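Please look over the sequence and the model below before reading on.

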Amino acid sequence: MRAYFYDNSDADQRELHDSGRPVSIEQLKAIGVEYQRVEGNSEKQLAYVEQVCQERGYKNRDEIRISPALLPGYEEKIKVFFTEHIHEDEEIRYVMEGSGFFDVRDGQDEWVRIFVEQGDLLIVPAGIYHRFTLDTSNYIRAMRLFKEEPKWTPINRPDADSNRYRSEYLESIGASE
């Protein structure tokens, strides 16, 4: 895992966009984002993911594969994923193959870019503004974990600004709108 402040340039969203300002795991924790590197063979990794599911009360999961060859309307979909949004549920993603970027807003509303690859597990709290994109490899296979039935319901900015989960998130990290 590598995290850093996003450079906000107009280059393709799949490029690094590294500002040269690193972000530590402790800084991610301060904004409610949890990162775990899952080591071992695939059997051990899946057992660990199952343990996380049990500890956090997650009952369902699905797998998503994203690439130009596998996702109809790829270029359009990748732009949708890159639209700034929140969810009313915590979001857990485990990267099984490939790589990509999760961008999250910190307490000062700056983008933090998190590079994830095979073996990375990322937990993003409800109410945090975030977005996702692949990197230039254009491929990822990830497990999405859900407490109930699988759903992916984004609430885009600015509509989410008045959302209860957004307000609760900001309060939890000691930030304000």
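How many helices and strands make up the secondary structure of the protein chain? There are 4 helices and 11 strands, where helices (H or I, at least four residues) and strands (E, at least two) are DSSP runs numbered from the N terminus. The radius of gyration of the chain, taken over C-alpha atoms, is 16 Å, close to the 16 Å that the globule rule gives for 177 residues, so the chain is as compact as a globular protein of that length; the rule itself is 2.2 Å times the number of residues to the power 0.38. Along its principal axes the C-alpha trace spans about 45 × 35 × 30 Å.

This is a predicted model, in which local features need pLDDT of at least 70 and side-chain atom pairs count only at pLDDT 80 or more, while totals for chains, interfaces and linings use all residues. Residues are numbered from 1 along each chain as its sequence is written, and side-chain values use heavy atoms, with hydrogens and water left out.

Of the 177 residues, 45% count as buried, a word that stands for under 20% relative accessible area, with exposed meaning over 50% and partly exposed in between (1.4 Å probe, protein chains only). Among contacts (heavy atoms within 4.5 Å) between residues at least 6 apart in sequence, 75% join residues at least 24 apart.

Helix 3, which runs over residues 74-81, has Tyr-74, Ile-78 and Phe-81 as its buried residues. These residues cover an arc of only 55 degrees around the axis, which puts them on the same side of helix 3; the arc is that of the directions from the helix axis to the C-beta atoms. On the other side of helix 3, Glu-76 and Lys-79 are exposed. The cover over the buried residues of the helix includes strand 4 (60-66), strand 5 (85-86) and strand 9 (130-134).

Between strand 4 and helix 3 there is a loop that holds Ser-67. Ser-67 is buried, with a relative accessible area of 7%, and, leaving aside its neighbours within four places in sequence, it is in contact with Tyr-74, Asn-138 and Tyr-139. Tyr-74, one of these partners, is also one of the buried residues of helix 3.

Another loop, between strand 11 (155-156) and helix 4 (164-172), is the place of Pro-158. Is Pro-158 buried or exposed? Pro-158 is exposed, with a relative accessible area of 56%.
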